[in-house]
Amino acid sequence: MRKVLQRTVAAMALGSIASIAMAQDDGADLVINGEIEITVRAPAPAHMSDTGIDTILSGWVFRSDETRQLEMDDFDNPAFLAVDRGIEAWNTVEGTEGKSCATCHGDVEESMAGVRAVYPRWNEEAGEVRTLAGQINDCRTNQMGADAYAYDKSDMTAMEALISVQSRGMPVNVAIEGPVAETWAQGQELYYTRFGQLELSCANCHEQNYGNYIRADHLSQGQINGFPTYRLKNAGLVQTHNRFRGCIRDTRAETFAVGSPEFVALELYVASRGNGLSVEGPSVRP
């Protein structure tokens, strides 16, 4: 009886999505500060050939004009308060080794250009897939002798935002073959796994129903090229794993921890679905 009820609730949830017509892409282009051209539409990567999606779309496409405009000028983008904090942290000496980020990496604009575009990526020395957050904490603990940042809190999101800014406009190019292949496959499996009492997967919303509404939310393709993102709903910067956690909780399921192997795998897979879009973060979303 309980299983039947759960399936009924899930069917009602999907029905509430499908009952409203899909909103059409209006073809608007994103140019930041009048000079940084952001690719918000691109041919779908080859590994998505069986998904029915021919064109991948940034979440910016699905937003209102007012929200879009906040991202089009760094002076209006509230996420840049965090970027400023990231700059301060970049140059601050911490830990037992008497180092700052700048000690090893120098100028952030030069040394971090292109970095965000290829993460998550394989770390040969550690023998694992590293997210950008994971790499930041490795640098802090092993190079600086400093405490690790909390994975999805303000210090980490500020540093991620600062590093992401240096790659804006560059195409996402996350590897899916070679040593990352096993982790990528795990992430793909998670993406299509139904969770919770509502028995919903990532694909149910972001592949099968993007462009539709669920309650007041306009469903996007779930691309993460704009993360970390300033969510107006939260009045703060949100990291990728924080958003994953929120989505799974919305299915009424127990969620994985931020930084967990499951979310690292899911981030790798979801990032690869955005290969060809521009790095956009820190973006602005509702």
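Is cysteine 139 buried, exposed or partly exposed, and what is its relative accessibility? Some notes on that and a few other spots follow.

1. Cysteine 139 counts as partly exposed, at 21% relative accessibility (buried is under 20% relative accessible area, exposed over 50%, partly exposed in between, with a 1.4 Å probe and protein chains only). Please keep in mind that this is a predicted model, where local features need pLDDT of at least 70 and side-chain atom pairs count only at pLDDT 80 or more, while totals for chains, interfaces and linings use all residues. Residues are numbered from 1 along each chain as its sequence is written, and side-chain values use heavy atoms, leaving out hydrogens and water.

2. The structure holds 0 disulfides (pairs of cysteine sulfur atoms within 2.5 Å). For cysteine 104, the nearest cysteine sulfur is that of cysteine 139, 7.4 Å away. The sulfur of cysteine 139 has its closest cysteine sulfur in cysteine 101, at 7.3 Å, too far for a bond. Cysteine 104 is partly exposed, with a relative accessible area of 48%.

3. In helix 10 (residues 240-250), the buried residues are Thr240, His241, Phe244, Arg245, Gly246 and Ile248; helices are DSSP runs of H or I, at least four residues, and strands are runs of E, at least two, numbered from the N terminus. These buried residues pack against strand 10 (236-238) and helix 11 (261-272), with contact meaning heavy atoms within 4.5 Å.

4. Now the ends of helix 10. At its start, a side-chain oxygen of glutamine 239 reaches to within 2.8 Å of the backbone nitrogen of histidine 241. Arginine 252, which follows helix 10, has a positive phi, near 65°.

Conventions:
Polar contact = N/O pair within 3.5 Å; in protein donor to acceptor, adjacent residues only side chain to side chain.
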